Amino acid sequence: ISPDTYLNPRALSIWPPHMPRFSQGQGDLTDRLNKGLAETPKGPIIFIGTDTPDLKRRSLAMALNGLRTHDAVIGPSLDGGFWLFAMRKTGRSRSPFHPVRWSSADTLTDVKRNLGGQARVLFLETLPDIDIGEDWQRWARAPK
């Protein structure tokens with residue numbers, strides 16, 4: 001999903017033509033993630049936070065491969081949330097995004113609970129995400 005401003009023709013020139021994009025729409029994070037989930041076809045779906053500067057291509061490959069044997073893949077962030085959430089969408093998939101206490105130490109716990117106790121979840125490496133200026137400063141000071 002993408003902000004509507006990134007669906008214009010100029011922005012599309014940098015996006016691979018074979019990869020569809022969907023408007024994220026309006027509302028809070030739950031609304032936008034649920035819209036993305038509802039509008040995508042059945043199959044693997046990956047939601048990626050764009051505020052994760054240490055995201056690597058291999059992490060995306062691991063997430064996609066992980067969906068072969070797991071119901072969901074989560075890339076946890078240092079603040080209790082996640083930088084990636086992936087799942088295999090089926091005709092019976094339910095949204096794991098409600099209720100969720102966003103931007104809290106409980107975010108990841110809530111999403112995992114919403115998946116159900118029987119869900120097979122693969123966890124990727126924990127990475128920092130940048131939500132506020134202090135996060136950016138901490139990341140910039142950390143050894144690379």
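Which residues is F97 in contact with, leaving aside its neighbours within four places in sequence?

Tutor: First, the ground rules. This is a predicted model, where local features need pLDDT of at least 70 and side-chain atom pairs count only at pLDDT 80 or more, while totals for chains, interfaces and linings use all residues. Residues are numbered from 1 along each chain as its sequence is written, and side-chain values use heavy atoms, with hydrogens and water left out.

Now F97. With neighbours within four places in sequence set aside, F97 is in contact (heavy atoms within 4.5 Å) with T30, L33, N34, L37, F47, F82, F85, W102 and N114. F97 sits in the loop between β3 and α4. Helices here are DSSP runs of H or I with at least four residues, strands are E runs of at least two, and both are numbered from the N terminus. F97 counts as buried because its relative accessibility is 0%; the cut-offs are under 20% relative accessible area for buried, over 50% for exposed, and partly exposed in between, with a 1.4 Å probe and protein chains only. L29 is 68 residues away from F97 in sequence, yet their C-alpha atoms are 8.6 Å apart in space.

Next, the core around F97. The largest nonpolar core has 14 residues. Such a core is a set of buried Ala, Val, Leu, Ile, Met, Phe, Trp, Tyr and Cys residues joined through side-chain atoms within 4.5 Å. F97 is among the residues with the most contacts inside this core, along with L37, F47, I74, F82, F85 and V111. Two or more residues come from each of α2 (29-39), β1 (43-48), β2 (72-76), β3 and α4. β3 gives the most, with 3 residues.

Follow I74 from there. Beyond four places in sequence, I74 is in contact with F82, L84, F85, L108, L115, V121, L122, F123 and L124. L124 also belongs to a second, separate core of 8 residues, which includes V73, W83 and L127 too.

N114 lies in helix α4. N114 counts as buried because its relative accessible area is 11%. Not counting residues up to four places away in sequence, N114 touches R94, P96, F97, H98, P99 and V100. A polar atom of the N114 side chain lies 3.0 Å from the backbone oxygen of P96. The side chains of N114 and R113 are joined by a polar contact of 3.3 Å. A polar contact is a pair of N or O atoms within 3.5 Å; within protein, one must be able to donate a hydrogen and the other to accept it, and residues adjacent in sequence count only if both atoms are side-chain atoms.

For contrast, take I46 in strand β1. I46 counts as partly exposed because its relative accessibility is 29%. I46 touches L60, A63, L64, L84, F85 and A86, with residues up to four places away left out. V73 is 27 residues from I46 along the chain, and 8.7 Å separates their C-alpha atoms.

Finally, the whole chain. The chain has 5 helices and 4 strands, and from the N terminus on they run α-α-β-α-β-β-α-β-α. Of its 144 residues, 34% count as buried. Among contacts between residues at least 6 apart in sequence, 56% join residues at least 24 apart.
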